[in-house]
Amino acid sequence: MGALFFFALFDLHMATVEHPQKTAWWNNAHNRALLFQVLLAIGVSLFFAFIANNTIHNLQQRGISTGFAFLKQKAGFGIIQHLIPYTENDTYGRTFIVGLLNTILVSALGIICATILGFIIGVARLSSNWLVSKLAGIYIETFRNLPLLLQIFFWYFAVLQALPSPRNSLHIGEKFFLNIRGVYLPSPIFQQGFGWVAGAFILAILATIILKRWAGKRQEETGEQFPVFWTATGLILLLPMVAYFATGRPLSWEYPVLKGFNFQGGITIIPELAALLIALSVYTASLIAEIVRSGILSVSHGQTEAAAALGLRPGKILRLVIIPQAMRVIIPQMTSQYLNLVKNSSLATAIGYPDLVSVFAGTTLNQTGQAIEVIAMTMAVYLTISLTISFFMNWYNARSQLRER
Amino acid sequence: MKKLSFIMVAVFFMISASLASASTLEEVQKRDVLQCGVSTGLPGFSNPDEKGNWTGLDVDACRAVAAAVLHDANKVKFVPLTAKERFTALQSGEIDILSRNTTWTLTRDTSLGLNFTHTDYYDGQGFMVSKKLGVKSAKELDGAAICIQSGTTTELNLADYFKQNKMKYQAVVFDTSDQTVKGFEAGRCDVLTSDQSQLYGLRIKLAKPEDAVVLPEIISKEPLGPVVRQGDDGWFNIVKWTIFAMIDAEEMGVTSKNVDEMKKSTDPNIRRLLGLEGIKGKGMNLSDDWAYQIIKQVGNYGEVFERNVGQGSPLKIKRGLNALWNKGGIQYAPPIR
């Protein structure tokens with residue numbers, strides 16, 4: 001079919017205009033190309049319609065329920081971590097959202113941690129300090145050469161489970177607790193007037209942006225530098241503080257308390273999330289570190305020397321000269337690492353982290369038995385997340401590419 | 001264009017041809033091996049030993065079918081499946097029988113395109129806790145973290161039970177029963193919940209079985225038995241009557257040891273069971289000695305029970321509900337005549 005299609009296109013280009021009137025309409029290259037394309041399109045859509053129809057027919061014949069009505073049925077099972085309110089009385093549709101949000105949570109945190117860690121390790125690998133560079137090398141070679149699933153099990157069963165039981169928790173004061181059931185933190189309770197503090201914080205950020213623009217402009221015009229970093233830090237810390245005390249400290253904390261078997265109240269970070277996040281970040285960081293190294297090495301040494309000749313310090317050379325140029329090499333490869341991380345997060349099901357695959361394509365699929373619908377929805381989610389990341393990274397890549405003037 | 005339509009027609013036939021398939025019995029006989037879906041390792045029900053031989057109550061149900069159909073109880077290929085994978089494996093034809101401690105429920109029987117044949121083990125959901133906690137009853141479990149296997153009826157019963165008793169819990173859901181045991185052992189959860197028979201099986205997998213106790217409460221009905229695809233009534237009959245034959249054999253006192261002597265028996269019930277008179281295997285398209293082969297090679301229901309989960313096994317589970325109907329239980333099979 002493909003070959004026909006290309007021949008048709010080829011005909012289109014070879015069309016001659018010497019005898020336009022004498023050819024029949026089906027011998028006209030343009031018409032014929034169009035005809036083939038229409039036929040091909042009809043054929044392909046008929047094929048898929050047939051497959052879909054056939055599948056539904058077969059499922060019905062075998063007495064297997066079809067359709068998406070199950071999404072409105074009551075789920076009736078518990079999920080340990082939910083970012084939106086969820087109880088056993090909610091629907092299967094809601095388990096989809098709960099699982100989806102858990103997948104997004106671990107992927108987003110993983111991408112942030114892996115990027116930061118990867119950059120640090122990548123730069124450390126190139127350090128002139130022998131020990132630092134060798135340690136970074138050992139890190140990379142260890143973690144990128146071990147299967148990810150094994151690493152997840154390691155962090156979950158070997159490291160986290162070595163923690164004490166809830167009754168013997170490690171703790172800082174009576175506020176922070178660490179035990180095998182997770183990390184327990186105080187949760188903030190916002191009272192009336194906290195809006196002012198939040199407002200002051202936003203104001204400080206806006207002021208910082210304006211300050212940075214102004215400082216940049218001033219440096220271009222006069223060459224004088226302004227200590228933007230320290231001023232901004234002061235602004236962002238001081239302004240909300242002032243607002244906080246001025247409104248009479250409108251913030252209190254709810255502390256976790258040991259009741260019966262477990263701690264109640266406060267914020268809980270379950271060990272499954274911690275283990276999965278550590279494993280994903282550490283593994284992906286080892287791959288990102290090598291990408292960062294290759295990116296930095298791709299910038300010719302002449303650039304460093306030229307920058308040094310201008311009198312820039314090593315830190316500034318890295319930040320202002322090397323990294324921006326290295327980014328052009330780094331970004332396209334980072335995209336595929338981010339995509340991998342998101343897809344790898346589905347290994348969560350092995351240690352019981354309630355992600356989309358574990359909750360929706362696991363429990364929900366099994367309770368309803370509607371494999372085709374559930375798997376199709378799950379695939380659509382991963383496709384959408386991956387395409388969104390690709391789209392965003394491509395946009396960022398296009399922005400940071402070399403613009404030749 | 002001719003080429004295109006040819007392809008379309010070919011594809012059409014390729015797909016529609018696969019719709020009409022041979023009966024499961026014919027397929028199994030042609031393949032000369034029965035494909036049986038079992039668990040990934042549950043002592044007493046389906047568990048591979050050091051040599052890789054599968055043993056257990058669920059395993060013996062498949063061996064019995066293989067003995068009836070292929071005259072050889074060893075012609076079984078065991079496919080280990082997680083709770084999540086099991087129904088899809090059966091629906092798609094990857095296995096011929098699902099014999100994997102699977103609970104018979106309305107939803108599963110009516111909307112998955114499957115048929116439950118007969119209950120070969122009456123079970124109920126229970127709880128196992130660490131002795132250290134000093135818990136005596138399931139009613140004291142408010143706020144506990146509970147390890148559970150994903151995709152089971154247990155997951156739903158648990159939610160119902162805690163809601164009814166106005167208690168809270170945290171479900172830590174794992175993929176396989178091995179992982180739930182690991183999680184329980186490491187202290188990730190206070191409680192492990194599953195069918196009570198499984199709890200006894202999982203308990204002996206613990207490093208220190210004496211540190212864990214199974215609580216007395218049973219919170220649900222869990223009738224377990226072999227499952228087949230809907231729409232192949234012949235195969236459904238074979239699996240169903242394989243189990244019936246084992247139960248009837250126990251009732252008549254026919255065992256794997258005395259089955260050859262029993263051939264000389266004048267009791268018409270025994271003679272019909274062993275294929276010496278009556279309808280024999282005709283209605284199921286099996287040979288006349290189908291039940292003889294089951295009893296000779298695998299044993300009657302009582303033997304299978306005691307060997308795998310009863311007094312002859314480390315589990316030491318009492319017959320209870322699974323005793324014959326005339327011995328205080330509810331195992332009852334229609335007569336072979």
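What follows is a chat about domains, the chain contact, a helix pair and a sheet.

Modeller: This is a predicted model, where local features need pLDDT of at least 70, side-chain atom pairs count only at pLDDT 80 or more, and totals for chains, interfaces and linings use all residues. Residues are numbered from 1 along each chain as its sequence is written, while chains are lettered from A and ligands numbered from 1 in the order in which they are written.

Biologist: Which domains does chain B have?

Modeller: Chain B has domain 1 (24–122 + 224–327) and domain 2 (125–220); such bounds come from an automatic or database domain assignment. Over C-alpha atoms, the centres of domain 1 and domain 2 of chain B are 29 Å apart. Their contact involves 17 residues from domain 1 of chain B and 16 residues from domain 2 of chain B, a contact being two residues whose C-beta atoms, placed from the backbone, lie within 7 Å.

Biologist: And how is chain A divided?

Modeller: Into domain 1 (2–61) and domain 2 (92–163 + 268–400). The centres of these two domains of chain A are 44 Å apart, taken over C-alpha atoms.

Biologist: How many residues does each chain bring to the contact between A and B?

Modeller: Chain A brings 38 residues and chain B 40 residues. On the chain A side, α11(A) gives the most, with six residues. Helices (H or I, at least four residues) and strands (E, at least two) are DSSP runs, numbered from the N terminus.

Biologist: Switching topic. At what angle do α5 and α8 of chain A pack?

Modeller: Helix α5 (residues 148–159) and helix α8 (residues 271–298) of chain A pack at about 135 degrees, with axes 8 Å apart. Axes are lines fitted to C-alpha atoms, for helices over the stretch in contact, and angles run from 0 to 180 degrees between N-to-C directions. α5(A) and α8(A) are therefore oblique to each other: under 35 degrees counts as roughly parallel, over 145 as roughly antiparallel, 65 to 115 as roughly perpendicular and the rest as oblique.

Biologist: Which residues meet there?

Modeller: Among them are Trp155(A) and Tyr156(A) in α5(A), and Val282(A) and Tyr283(A) in α8(A).

Biologist: Last one: what is the strand order in the sheet of chain A?

Modeller: The order is β1-β2-β3-β8 (chain A), an open sheet of four strands with antiparallel pairing. Its edge strands are β1 (170–172) and β8 (267–269) of chain A. β1(A) pairs with β2 (residues 176–179) of chain A over three bridges; strands pair if DSSP finds at least two bridges between them. Leu170(A) stands opposite Leu178(A) in β2(A).
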